Amino acid sequence: IKNFISGIIVLVERKIRVGDVLDVDGVIGTVTEVNTRSSIIRGADDVETMIPNSMFLENRVTNRTLTSAKMRRELRVGAAYGSDPRAVMEILTDSAGRHGLVCKDPAPFAIFEDFGDNALVFTLYFWVDLQGGANAMVVTSDIRLMIEKRFTEAGVGIPYPQRDMHLATDKPLDVRISNP
């Protein structure tokens, strides 16, 4: 009865609609059905989860597309120390701006986030309009490929973890062999 009444409320309020991208109790996906007792959410892995409608009223629900079908994505990228940060930021924003499914408004932008252990860390922010059926994960992958190509052309290295080892040579190494 609780789920049926919750379903009526969900259907009347229309805060959750087919096509919305939701995060409900750790389940993230697109709503494919809204029924009176339960709703179906399809995750990125194409697994469908039946959610009792009472969860929409009793739990914290994030509707990423409630007021707009535009979804902001972020992509973190490390560039080798010695790279020109402004050139890296230009490559990032230009790569996102050239992708046909990335929104022009708001425009993509990049920030120089941090001096990491092994890299200069940047974050690219861009928006994808999901209303046209765009897959944000595929768009993000495409942009990564574009960035990697542009980095190679510009001579910007993508670093890998490195460790420096310092040996103290002021004392001889004490090696003792013991006989059992």
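This is a predicted model: local features need pLDDT of at least 70, side-chain atom pairs count only at pLDDT 80 or more; totals for chains, interfaces and linings use all residues.
Of the 180 residues in this protein chain, 33% count as buried, where buried stands for under 20% relative accessible area, exposed for over 50%, and partly exposed for what lies in between, with a 1.4 Å probe and protein chains only. Residues are numbered from 1 along each chain as its sequence is written, and side-chain values use heavy atoms, with hydrogens and water left out.

The chain has four helices and eight strands, taken as DSSP runs numbered from the N terminus, helices being H or I of at least four residues and strands E of at least two.

Let me turn to the aromatic rings. The whole structure holds four aromatic pairs; rings of Phe, Tyr and Trp (its six-membered ring) pair if their centres lie within 6.5 Å, and planes under 30 degrees apart count as stacked, over 60 as edge-to-face and the rest as tilted. One of the pairs is Phe 109 with Trp 127, which is tilted, at 6.2 Å centre to centre and 40° between the planes, and this pair connects strand β7 (residues 109-115) to strand β8 (residues 120-129). Phe 109 is partly exposed at 36% relative accessible area, whereas Trp 127 is buried at 16%.

The rings of Phe 112 and Phe 122 are stacked, because their centres lie 4.9 Å apart and their planes meet at 25°. Phe 122 is buried at 0% relative accessibility, while Phe 112 is partly exposed at 31%.
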